[in-house]
Amino acid sequence: MGYYVEINCWNASPLLISMTDNFDPNFIDSNPENVGVTSLQSDLTIAGAATDVAISLEEKCLQLFKSLRPGQDKMGAWRGGRLAVSAVPGAGKSTGMAKAAALAIANFGLNSRRQLIVVTFTRSAAASIKAKIRKELRALSLPESGFVVHTLHGLALNIAVRHPNLSGLDLENSTLITPNKSHRLIRICVEKWIAENPRHYQILLEGTQFDGEETERMRRQSVLRTEILPELANTVIHEAKSSGLLPKDLEKISVNFADGNYEILAVAAGLYKNYQTLLRSQNFIDYDEMILGAVRVLENPIAKAIEQRQVFAVFEDEAQDSTEVQTKLLEILASNVAKPDLPPNFIRVGDPNQAINSTFTPADPCYFRRFCEACEIEGNLATMDQAGRSTQIIIDAANFVVEWVNAAKLTGKEQPFCEQYILPVANYDPQSNNNPPPAVGGLEICQPLDIYDSIKLICEHLIQLFSDEKNRGSAAILVRENKQGRFVKEVLENPAKYNLKFDLVQYGIKIDNVAERERYSQVPSEILAFLQFLDRPHSPDYLKAALKVLSDRELIPKQDYNALAIQSEQFLYPGPLDPQQSEQVKKCRYLCCNLLQAKLELPIYQLISFLALALKYNPGELATADKLIDKIVKQTSGNHSMSAVLDALIEIVSSERFEPVEIPSDDEEERENSYVRSRQVTIITMHKAKGLDWDYVFLPFLQETTIPGSLRVLPQSQFLGDFTLAEVARAQIRASLHQEITLPDVGTAWESAADLKKSEEFRLFYVAITRAKRLLWMAAEKKSPFSWNNLENLQAQNPSPVFKALQQKFQDFVVS
């Protein structure tokens, strides 16, 4: 059997060469800079027929290339080396990448031994782009191979598994965890640091001033041990590990910062060191450790050569959300093992203006910006600025936001946006999803009386839009936080309760609150928190954890639970001489005492079911609780003691191997598609909405306290000063990584963190408005809650400054 390959030599006409079994395919693999394979077909019939097939494939590749928009076409014409692609929202990043991947597979004859690696941010995005690449390969009549699609952690895990001795990860005997500030491991490393550093802990305890009063001392101890230090540990561990910093590196950096008596980075380094020690001793692995393990593998010359020989190129999507270590890992993989001096075969696609994860994850858009700047110097920067998603007026509003926010100078030294503006697609655009016509004018800006008036106006629009049964459009209400989403769903489903007259069900409009699906996974940790409290009700930590769950579930009023937890006996069983409890405190005590009474009356497994009902779980959460009981029964093997159940639950929560009961779909892409179903209004956060779009998008609650908001120091933490240790530490670490000449003190670092947050909030607003195709509706209510934990007290609120600017710019679209 033979093959026919058309070889493009840059100084000669294309040649059709017959490849027999004696032909060395490594000639092509090892010389991608000189050779492009554009036609590859099995010679199953006669030689003359094979020539026709080869030409047919060439024509198909040409047609595929012609279907690319400007910017996408540079990916399609790529012949190796570095390429940066900066794309605006709706430009078709994933579509362009899928077509470019298919062309690369055809051009370079890629196969299972020499593959294209496609890396993206989420599993659903990976499933989507994989399906798109396969579709394009089928259209080219090529095998659906020659590429693999991974999330970054999936790629790192594969490399680490193949080289366990080098990665240092014993995956067969280890447990994968995702620690947060409430995780048992974080709490243990905090307690260990306190025991090892009593003098430093005392400095933190005294704060800016302290009169020695015992009750205040106990309150501060509770805040430090359960809030401030766990938050510092969690933030710094992720930030440092994602930057490739070890605890000793953090100690060295801390010497360069003049932050007074607190020595925040020195504290952070000690917490980080304890965490790493505990991680190894208990055979735990976190996601950051996966990536570091993969990098350790690639630092070995032999292992690096083995991995690089299997990789022809790396295509990275959502590159604006990358970290330093992630960038290093992908660049090493994309390098040519035979010619390491050549630039890596590395295409990175992203949008710096959609970087919305850097204030709560280690992601830092500066690395993609630097990559774009370097590629621009080399002439390898492509800009995808034509977008067919939105109607023209929505594009105009989005571009105005970029221009106005940069000019307003509301974010200090930070420039929130790159000056990259969205253009509509050309009339001759080869793709079919051209800018749609507007609905109801395309843009509405209004200031309703209050948050209930907003919901009323949204419903009027939904009924107007979907009264036509032929309208198969989709709609979404985008909110800044899940508490707002729960409020919206409550009012939509119970309008009569709030004296509102509408019925979405009557018009066949479905309501889907995405946040409710995500709450299912919290069931084991919530049940654990309550069982620990019921087992030891006088433990301040366990009492506080239980109160926090009740607060998150909106079953008790929001307040400072440290004051209640440190005097647990007085709170639960007040005596006649104790101070009179407020109504808020009484409500908390009543609920806690009811649960303690249930513990005395119910067997342990019935107690878990009772807790699920007391927490007002929805049907999916109740099913998850039942599944949890079954798993505990199996693990305890008939031992019904509280200690056995607690041990089993701790193992379940720590290992994260428990799958909640949720939507019956194993297809990540199908799950994401469920967010944009026709004749459905999806309630979703702005963060979760990224990557999705709807015909009609509603943005309520656009107050100044929300967009851009501000960094806040909670009242219980203010004894340390007007800053938080975690945000100061993050800003100091990033300043060091960015190699700033003058490293910031505490005040400067806090100011920098505040500017970074404002910048990201403006970018989040930009992401939100660019989700809309035909209608963008925005509202800043005149009255709204100061805190969404208390909806009873509506206050006059100022609109977001960018909302006011939009009102002035688009006066014809302002609705009274």
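A residue is called buried here when its relative accessible area is under 20%, exposed when the area is over 50%, and partly exposed in between, with a 1.4 Å probe and protein chains only. At 21% relative accessibility, arginine 217 therefore counts as partly exposed. The structure is a predicted model, in which local features need pLDDT of at least 70 and side-chain atom pairs count only at pLDDT 80 or more, whereas totals for chains, interfaces and linings use all residues. Residues are numbered from 1 along each chain as its sequence is written, and side-chain values use heavy atoms, with hydrogens and water left out.

**Overall composition**

Of the 816 residues in the protein, 54% are buried. The protein has 33 helices and 22 strands, taken as DSSP runs numbered from the N terminus (helices H or I with at least four residues, strands E with at least two). With contact meaning heavy atoms within 4.5 Å, residues 24 or more positions apart account for 78% of the contacts with a separation of 6 or more. The protein exposes about 35800 Å², of which carbon and sulfur atoms supply 50%; these areas come from the Shrake-Rupley method with a 1.4 Å probe, and for residues only the protein chains shown count as cover.

**The sheet and its helices**

An open sheet of 6 strands runs in the order β6-β5-β9-β10-β4-β11 with parallel pairing, where two strands pair if DSSP finds at least two bridges between them. The edges are held by β6 (147–151) and β11 (381–384), each with a single partner strand, so one side of each is left without a neighbour in the sheet. From one strand to the next, the twist averages 20°. Strands β9 (residues 311–316) and β10 (residues 346–350) pair in the parallel sense over 3 bridges, and the bridge partner of phenylalanine 315 in β10 is isoleucine 347.

Helix α4 (residues 93–107) packs on the sheet, touching β4 (82–87), β5 (115–120), β6, β9, β10 and β11, and its direction makes about 170° with that of β9. Helix α6 (residues 152–162) lies across β5 and β6 and runs at about 110° to β6. For these angles, axes are lines fitted to C-alpha atoms, for helices over the stretch in contact, and the angles run from 0 to 180 degrees between N-to-C directions.

**Nonpolar cores**

In soluble globular proteins, nonpolar side chains tend to be buried together. A nonpolar core is a set of buried Ala, Val, Leu, Ile, Met, Phe, Trp, Tyr and Cys residues joined through side-chain atoms within 4.5 Å. The largest one has 83 residues, among which Ile133, Phe315, Leu478, Leu699, Phe765 and Met778 touch the most other members. Not counting residues up to four places away in sequence, phenylalanine 315 touches several residues, including Trp78, Met97, Leu116, Val118 and Ile347. A second, separate core of 50 residues includes Trp193, Ala233, Leu245 and Leu271.

**Salt bridges**

Counting a side-chain nitrogen of Lys or Arg within 4 Å of a carboxyl oxygen of Asp or Glu as a salt bridge, the total comes to 32.

| Glutamate 214 | Arginine 217 | 3.9 Å |

Glutamate 214 and arginine 217 both lie in helix α10 (residues 214–242), 3 residues apart, and glutamate 214 is partly exposed at 47%. Glutamate 621 in helix α27 (residues 619–636) and arginine 553 in the loop between α22 and α23 (561–565) are 68 residues apart; glutamate 621 is buried at 2% relative accessibility, as is arginine 553 at 9%.
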